[in-house]
Amino acid sequence: MRDSLRSPVLSFLLGLATIAAGGMAVGPAQAQEGADFRAYLESLRPKARAMGISDATLDSVFPSLTINPRVVQLDQSQPGGGAYSPIPNFEPYRRQHVDAARIGRGRTVYQANRARLARIEAETGVPEEIMVAIYGHETNYGSYTGDFDLIRSLATLAHEGRRRALFEPELLATLKMLDNGVPRSRLVGSWAGATGYPQFLPSVYLRLAKDGDGDGKADIWTSEADALASIANYFVQSGWRKGQPWGVAVNVPASFNRAAVAAKTEPARCPRVFNRHSRWLTMAEWRKLGLFPANGVWPADNMLATLLEPDGPGKTAYLLTGNYRAILDYNCSNFYALSVGLLADAVKQ
């Protein structure tokens, strides 16, 4: 290729004879990838400007960004699994995620934050223990929140293109956070963009993060008050119903006819999750079918619930209310949502 036909960026990259760390030559393929990455970043400027993000913010970030190969590797190694592929039993997952250590730490956090938790529950209707359980399940009560540079990670994932429709809006949202004054040092988290104590995606932070301690900032990275208030706000927006439990553990009789309560419609989202649920019946109807609660206490007769048997027939089953669906909105996984509910119950005891 003649030098006169090269783009300025590509010429610059090809002209780098060595890199400082190790003195390895930069090959044409890497140079082209770097040029493509820079071109992609520049293509985002109109979208960023439409969101009110200043050129000064973009100019402060874009020149220093590079592709993170580790992030691409992690994304491409994510496990698959179709809607009807085998699903393991829940019990091993429960033992790992609702263990004595996590319950004990949860009770400590619960007691230390009772005043603010009670205030948030009074304002939102979201139970104190649910907020604590999310906090515990996401980051083990703030003990690990991730150390990936969000902007670099999301720029890498958006440029790679396999899931650009997911990651490009999150990259732009992160740039908006930076433009709004969130320090770059705060913008770290998981390789896929989740950040802070609640592990919010950047777009969720912009929509739902709350100031829980009255200092005028929504600091979900160092303020438990802000993190807990933000979690509650997430559930409010997901339709949490005040005074309704997430579910109840039940025993199912050996003679139970599961075909009679099978769901009739194909789920619109998360089929791997919702295909395991029965159709909706009232608690009174479930009682007539011979089910009985493990703790001996039935919720209100008119409350609707679906049946889930995560370890198969003969094991503990659960009748799950609409509030369970709100937990699934946070993370669409039955194992996750069941663990959050069970951890919440244990923390409150």
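**A guided reading of the predicted model**

Strand β6 (residues 304–308) is largely enclosed by the rest of the structure, because 4 of its 5 residues are buried. Here, buried means under 20% relative accessible area, exposed means over 50%, and partly exposed lies in between, with a 1.4 Å probe and protein chains only. Strands (E, at least two residues) and helices (H or I, at least four residues) are DSSP runs, numbered from the N terminus. The model is a predicted one, in which local features need pLDDT of at least 70 and side-chain atom pairs count only at pLDDT 80 or more, while totals for chains, interfaces and linings use all residues. Residues are numbered from 1 along each chain as its sequence is written, and side-chain values use heavy atoms, with hydrogens and water left out.

Strand β6 belongs to an open sheet of 5 strands, whose order is β4-β6-β7-β3-β5 and whose pairing is antiparallel. Strands β4 and β5 (292–293) stand at the edges with a single partner strand each, so one side of each is left without a neighbour in the sheet. Two strands are taken to pair if DSSP finds at least two bridges between them. Strand β4 (residues 281–282) is joined to β6 by 2 bridges, and the two run antiparallel; in this pairing L281 stands opposite A305 of β6. On to strand β7 (residues 317–320), β6 makes 3 bridges, again antiparallel. There T306 stands opposite L320 of β7, and L307 stands opposite L319 of β7.

The protein chain has 17 helices and 7 strands. Of its 349 residues, 46% count as buried, and its C-alpha atoms fill a box of roughly 80 × 45 × 40 Å along the principal axes.

Helix α17 is largely enclosed by the rest of the structure, because 13 of its 15 residues are buried. At the start of α17, a side-chain oxygen of S333 comes to within 3.3 Å of the backbone nitrogen of F335. A polar contact is a pair of N or O atoms within 3.5 Å; within protein, one must be able to donate a hydrogen and the other to accept it, and residues adjacent in sequence count only if both atoms are side-chain atoms.

A search of the whole structure finds 15 aromatic pairs. One of them joins Y93 and F335 in a tilted arrangement, at 5.3 Å centre to centre and 45° between the planes. Rings of Phe, Tyr and Trp (its six-membered ring) pair if their centres lie within 6.5 Å; planes under 30 degrees apart count as stacked, over 60 as edge-to-face and the rest as tilted. Y93 counts as partly exposed, because its relative accessibility is 22%, whereas F335 is buried at 13%. F235 and W240 form an edge-to-face pair, at 5.6 Å centre to centre and 75° between the planes, and both F235 and W240 are buried. These two residues belong to a cluster in which ring pairs link F200, Y234, F235, W240 and Y330.

The search of the whole structure finds 1 disulfide, which joins C270 to C332 with an S to S distance of 2.2 Å; a disulfide is a pair of cysteine sulfur atoms within 2.5 Å. C270 lies in the loop between β3 (247–251) and α14 (271–274), and C332 in the loop between α16 (322–330) and α17, 62 residues apart. C270 is partly exposed at 24% relative accessible area, and C332 is likewise partly exposed at 23%.

Two further sites lie earlier in the chain. Helix α2 (residues 28–43) should span 22 Å, and its end C-alpha atoms are 22 Å apart, which agrees. Residues A31, G34, A35, F37, Y40 and L41 of α2 are buried. N68 sits in the loop between α4 (55–61) and α5 (69–76) and counts as buried at 11% relative accessibility. A polar atom of the N68 side chain lies 3.0 Å from the backbone nitrogen of R70.

Conventions:
Expected span 1.5 Å × (residues − 1).
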